[in-house]
Amino acid sequence: MPATKPQRKPLPTSKSTRTVAPTATPAQPTIPAWHAAPDTTKAWKRLMTLAKTQRSMDLRKAFAGDRGRAKALSADALGIHLDYSKNLIDRSTLDALLALAEECGVRKHTKAMFAGEAINLTENRAVLHIALRAPKGSSIKVDGANVVPGVHEVLTRMARFTDAVRSGAWRGHTGKRIKTIINIGIGGSDLGPVMAYEALKDFSERSIECRYVSNIDGEDFYEKTRDANPEETLFIVSSKTFTTMETMTNAQTARAWSLARLKDESAVAKHFVAVSTNATEVAKFGIDTANMFGFWDWVGGRYSMDSAIGLSTMLAIGSEGFAELLGGFHDMDEHFRTAPPRKNLPYLLALIGVWNRDFLGCETVAVLPYCQYLHRLSAYLQQLDMESNGKRVQLDGTPCRWQTSPVIWGEPGTNGQHAFYQMIHQGTSPVPCDFIAFAQPLHGVGSKSTGEHHDILIANMLAQGEALAFGKTAAEVRAEGTAAWLVPHRTFPGNRPTNTLLCEKLSPRMLGRIIALYEHKVFVQGSIWRVNSFDQWGVELGKVLAKRIIPELTGPRGKSAAKHDGSTESLIARYRGLRGR
């Protein structure tokens with residue numbers, strides 16, 4: 001970061017350094033004795049008993065009988081107010097959930113992560129996204145080397161490059177300033193950066209537009225480049241290995257698109273940079289390796305938006321804005337590490353989710369930000385949650401006897417109210433909801449005559465939470481003079497669980513806090529479910545099969561030795577026929 005930027009306070013730790021075991025080919029891991037299977041704990045059995053009564057809990061009666069319920073079942077930290085009182089829980093349920101976390105060793109697992117132990121057991125790797133936002137002066141060792149200086153060295157190089165592009169010192173091959181930045185990546189190399197760009201657009205340099213290409217579908221590339229000028233376009237190719245099929249296919253297409261106008265092969269070095277660790281392939285592509293920004297094996301893709309993967313974010317909001325984003329992540333890291341579980345936002349959000357998933361049988365969670373800037377948040381959290389905890393086996397390879405990750409989905413309010421809220425209110429399957437909003441708008445749009453937009457927005461959010469919790473009884477509908485045959489249609493059952501996160505104001509720092517809150521929520525749930533939240537073997541099989549099928553779609557007929565099921569072979573033949581092959 002620039003030297004004029006104040007340094008954040010060093011990360012407190014019980015030891016001066018934290019050491020990570022060397023990475024090696026993993027043997028059958030030994031599961032720590034404290035990492036108990038959840039259904040073997042006393043707390044799990046207690047929760048099973050409580051669920052029999054809480055499942056039919058009446059929130060109207062719960063609030064009427066306990067005037068302090070909202071205060072007791074809420075928590076505040078770092079400008080975020082979490083109200084979880086509209087869930088089907090009481091104090092005894094919360095006590096049992098906290099006991100479950102303790103019996104499952106969540107605090108010990110947390111300590112192991114912050115200490116740099118190789119908790120990603122199937123890949124024998126540390127899990128150190130927390131190091132990406134660790135202040136200078138911290139020491140976290142991998143294979144005997146402190147990684148924090150390396151993190152800050154990359155951040156400094158990113159900042160220098162960012163300042164050069166934003167100031168106009170970096171120009172394209174023909175001398176024109178960069179006006180369009182196109183990030184090419186997929187998964188964690190796309191979802192986090194595009195979410196952050198959209199969320200922080202109000203803090204961005206508007207003379208530069210960031211666009212994102214992820215899909216191998218050529219229509220994505222076409223639309224993102226159709227009105228762009230190659231002389232004013234900079235591509236960021238984000239692939240750790242520089243071999244990811246979708247990313248490199250799009251990158252080669254981008255290279256050809258650029259050179260069709262620029263003609264000179266040397267132009268690639270002025271219009272392409274890489275986020276990668278494969279210097280050989282980067283150089284072969286034509287990118288100057290001085291403009292290659294790396295990251296590490298201990299950073300999972302879905303946890304990497306605050307690494308060099310966030311280069312497009314830094315280019316948009318500037319190096320100081322990116323430092324604020326990292327500061328927000330670190331704020332929440334410290335809250336999670338030090339706050340008691342009963343007041344710990346990630347703990348509470350995670351435990352409520354475990355309760356709803358495993359004991360009340362809720363299969364999905366809707367994340368509903370009442371902020372248009374966060375319109376990509378639900379898509380980002382889908383990967384964070386479902387790729388992390390969408391596992392069917394425990395750490396020791398035995399099947400889970402409990403449910404794991406729910407389906408995460410959602411859209412911004414109030415748009416969703418006119419789309420899928422009907423099902424949330426009156427459907428047959430209860431859907432827990434996370435409402436997220438900011439008390440202070442970035443822009444006070446509206447007038448006294450029409451009403452300020454933000455007040456109307458927040459009123460809608462609060463009304464939805466109230467309606468989902470308390471519903472509308474048949475008696476109340478009849479009292480309005482509704483025809484008897486219409487009463488069932490206009491009755492709302494209520495008792496639909498929700499959390500509300502009311503934050504002070506959207507900013508880079510606040511966004512960092514919110515994302516780290518959900519990162520640590522996912523960690524706590526994975527700890528309780530006894531799964532590895534940091535691998536993703538489930539994405540591999542489809543990739544292998546796709547590589548096998550590609551030549552069967554494009555090559556000479558009958559040349560492939562691969563065998564498929566009757567359906568797949570029929571579809572291959574149909575596709576070839578439709579393409580005239």
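The model is predicted.

Reader: What does H9 reach from its first C-alpha to its last?
Author: H9 has 18 residues. At 1.5 Å a residue, 26 Å is expected. The reach is close to that, at 25 Å.

Reader: Which residue follows H9?
Author: Its phi is positive, near 70°. The residue is lysine 263.

Reader: Which element gives the largest share of the lining of the largest pocket?
Author: The largest pocket holds about 1,100 Å³ of space. Its lining has 40 residues, and Thr244, Gln536, Val539, Glu540 and Lys543 are the closest to the centre. Helices H9, H14 (377-389) and H19 (540-554) each give two or more residues. The largest share is four residues, from H19.

Reader: How many residues of that lining are charged?
Author: The lining of the largest pocket includes 13 nonpolar residues and 17 polar ones. The charged residues number 10.

Reader: Which strands are the edge strands of the five-strand sheet?
Author: The sheet is open, with parallel pairing and the order E7-E6-E8-E9-E10. An edge strand pairs on one side only. The edge strands are E7 (209-213) and E10 (292-293).

Reader: Which residue in E8 stands opposite isoleucine 182?
Author: E6 (residues 180-184) and E8 (residues 233-238) pair in the parallel sense over five bridges. Opposite isoleucine 182 stands phenylalanine 235.

How values were computed: Residues are numbered from 1 along each chain as its sequence is written. This is a predicted model: local features need pLDDT of at least 70, side-chain atom pairs count only at pLDDT 80 or more; totals for chains, interfaces and linings use all residues. Side-chain values use heavy atoms; hydrogens and water are left out. On a 1 Å grid over the protein atoms alone, a cavity is a set of points where a 1.4 Å probe fits but cannot get out, and a pocket is an open set with protein on both sides within 12 Å along at least five of seven lines; lining residues have an atom within 4 Å of a point. Grid points are joined across faces, edges and corners, and a volume is the space filled by probe spheres set on the points. Ala, Val, Leu, Ile, Met, Phe, Trp, Tyr, Cys and Pro count as nonpolar, Asp, Glu, Lys and Arg as charged, and the others, Gly among them, as polar. The expected span of a helix is 1.5 Å times one less than its number of residues. Two strands pair if DSSP finds at least two bridges between them.
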